[in-house]
Amino acid sequence: MDTDIQSPGIHVVFQVSQDRLNYSLNHFLWRKCEIEEVAVEVGLEEAALKGKLFLVPSSTNTGDIARIISDGYNMELLNEGFNRLCEKLELDFLLVDTHPGLNEETLLSIAISDKLLIIMRPDQQDFEGSSITLRVASRLKVEDIAVILNKVPASFDPAGLKSEVERSYGFPVEAVIPHSDEFMVLGSKGLFCERFPGHPVSELIRSVAARLTL
Amino acid sequence: MIIIAAALAYGLLNKLLSGWVLPGAEFISIRPQLVLSVCFSLMGGPWIGGLIGLTGNLFGDLLTGFELQFWHWSVANFLIGFIPGTVRWTGTLEIRRVNEFGKVLLFIFLGNLSGLFLGFLVHMLINGQSFGFVMVSWYLPALISNTYLLMFLMPPTLVLSGYLKLNIETRSMFFVLFFSLAIVTLLSAVFLMAESKVFAETTLPGKKEILQKMILTHFHWIGILLILIVIAGGAIGYYFSRKYMHPLRQLAEASNRLKSGQWDKTDRVDPVKNSDYMGNLVGVFNDMARDIHSREIQMKNTIRELELRIDKTREDRIVSEITETDFFKDLEKKSAELRRMKK
C-alpha cells in the first residue's frame with residue numbers, strides 16, 4: 001500500500017498506469033469506494049512465486065493530492081482500511097510504504113505495524129532523521145524494528161558501517177545494500193529483482209524478504 | 001624550428017671559432033658551441049642533442065670545405081650531444097638537488113669522454129699514429145679543455161634555460177663548482193707564467209717543441225687538478241647538503257604538512273646527530289609538531305563531543321515535539337490496545 005499520499009511512486013515500479021484505475025487510496029479516504037476496490041493485482045514474472053500480489057496506489061492527480069493536503073482525512077478510516085484489506089483479500093502480509101517524514105499517516109502506519117524497516121542512505125541527513133523515527137517507533141512499542149542501509153558507496157566498509165549504525169541506534173541492520181549503477185539505470189522502470197535476478201543487490205533484497213516472512 | 005636553428009648555429013660557430021685554439025697550443029681548440037647540443041639534449045632528450053651535434057658538425061665541415069672527410073668527428077659530436085640527455089632516462093628531468101647536479105655533470109663528462117675517444121680512435125686508425133701518442137698528446141688535452149669549458153658554461157646556461165632550478169642546495173653547489181674552477185684557472189695561470197719565464201731564459205734550439213711539451217705537461221696537471229678539485233668540491237657540496245640542506249628540506253616539507261593538517265602522530269624530521277643549531281632546531285621542531293598535533297586532536301575531540309551534545313539536544317526537542325501532541329498520545333494508547341488485542 002502506497003500511503004505516501006503527498007508524493008506517490010510505487011505504481012511506477014509495478015508499471016501500473018493510473019489511467020486504467022477507477023479508484024485510488026484517496027477515493028477510499030473520501031469514502032467513495034471500498035479499500036478492496038482500490039487494490040489492483042500486479043503480475044509477477046517469477047514463476048516460483050505462489051499466491052498473489054496486490055498494489056493499493058495513491059492518486060497521482062495533482063488536484064487529488066492538493067485536496068488531501070488541504071482537507072486532511074480520517075485517520076481512523078485508514079486504520080480500518082488496513083484491517084479490511086487484510087481480511088477481504090486474505091493477505092499474509094501488508095507492506096506499507098510511507099512518506100519519508102514523520103507525519104500522521106506515517107505515525108499511524110508505524111503504530112499498527114508488526115515490523116518496521118527503516119531504509120536509509122549513509123548520509124548525515126538520513127542518520128539524523130532515522131534516529132528520530134526509531135526513537136518515536138520504540139515509543140509506539142513496535143516489536144520488531146530494523147534498519148536497511150541503502151545506496152552505500154563502494155568505498156565504504158559494509159561491516160564497519162553496519163556495526164557503527166547498530167551501535168549508535170541500538171537496532172539491528174538487516175542489510176547493507178551497495179550503490180549499484182544497474183539500479184540507477186533501471187530508474188524505477190521495473191522490479192530490479194526480476195530484471196537482474198543474479199545481481200548482488202537482488203540477493204540482498206531477497207534475504208531481507210526471507211527474514212520478513214519468518 | 002629551434003632545433004634546426006641550433007644545429008645551424010652550431011655549424012656556424014664551428015666554422016667561425018675553428019681558429020680558437022689555446023694560445024701556444026694550436027692543437028687544442030676551444031669549442032663553446034658544445035653548450036648548444038648539451039643544453040638541448042638535457043632539455044629535450046638525447047636524440048635532439050645528438051642530432052644538433054651531428055648535423056651542426058656536418059654543416060660546419062661543409063662551410064669550411066672539409067666535406068665528409070672528417071665524418072668521424074660528426075659521430076663524435078653526436079655522442080657528445082647524445083649522452084648527456086640520457087640522464088633524463090634516469091628520471092632527472094631537471095636539477096633541484098645536489099645529487100642531480102652531480103649526476104648531470106657526470107653525464108656531460110661521459111659524453112665527452114666517449115665522443116672524443118671515438119673521434120681520436122678513428123683519427124688514429126686513419127692516420128696510422130700510435131695509440132699512446134694520440135691519447136696523451138691529443139685526447140687528454142681535448143677532454144680536459146672541453147670538460148673545463150663545459151663546467152664553466154653549462155651551469156649558467158642551464159639556469160637561464162630553466163633546467164637548473166636555483167634553491168639553497170643548487171646555489172651552494174653552484175658556488176662550490178665555480179670556486180673550484182676559479183682555483184684551477186688561477187693555478188694554471190701561475191704555472192703558465194712560471195713556464196713562460198723559464199722558456200724565455202732558455203737558449204736551447206727547437207723552442208717551439210719544448211714549449212709544446214711544457215704546455216702539454218701543464219695541461220695534464222690541470223686535468224688531474226680539475227678532476228680532483230671537482231670531486232672534492234662535489235664531496236664538500238654533498239657533505240654540506242646532507243648535513244644542512246637535507247634537514248632543512250625535511251623541515252620545510254614537514255612544516256607544510258603540519259600547516260595543511262596532514263601531520264600524523266608518527267611523523268617526525270630525522271634527528272641530526274650533532275649538538276649544533278641544526279640538531280637543536282630539528283629537535284625543537286619535532287617536539288613542537290608533536291605538541292601541536294596532540295593539541296589539535298584534543299581540540300577536534302572536544303568539538304565533536306560538543307557537536308554530539310548539540311545534536312542530541314536538538315533530536316530530543318524534535319522527538320518531544322512529536323510525542324507531546326494529543327494525536328501521538330492518543331495513537332500511543334490505541335496502539336498499545338491494538339497490540340494487546342492481537343496477543
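Modeller: Let us begin with one pair of residues in this predicted model: A:Leu149 has A:Val176, a residue of β5(A), as its bridge partner. In general, the strands of a sheet pair through backbone hydrogen bonds, and the pairing may be parallel or antiparallel.

Stepping back, the two strands are part of an open sheet of three strands in chain A, whose order is β3-β4-β5 and whose pairing is parallel. The edges are taken by β3 (115-120) and β5 (173-178) of chain A, and because each has a single partner strand, one side of each is left without a neighbour in the sheet. If direction is ignored, neighbouring strands of this sheet are turned by 15 degrees against each other on average.

Helices complete this picture. Helix α8 of chain A, made of residues 158-169, lies across β3, β4 and β5 of chain A and runs at about 140 degrees to β4(A). Helix α11 of chain A, residues 200-212, also packs on the sheet, where α11 touches β3, β4 and β5 of chain A, and the direction of this helix makes about 165 degrees with that of β5(A).

Key: Residues are numbered from 1 along each chain as its sequence is written. Chains are lettered from A and ligands numbered from 1 in the order in which they are written. This is a predicted model: local features need pLDDT of at least 70, side-chain atom pairs count only at pLDDT 80 or more; totals for chains, interfaces and linings use all residues. Side-chain values use heavy atoms; hydrogens and water are left out. Two strands pair if DSSP finds at least two bridges between them. Helices (H or I, at least four residues) and strands (E, at least two) are DSSP runs, numbered from the N terminus. Axes are lines fitted to C-alpha atoms, for helices over the stretch in contact, and angles run from 0 to 180 degrees between N-to-C directions. Contact means heavy atoms within 4.5 Å.
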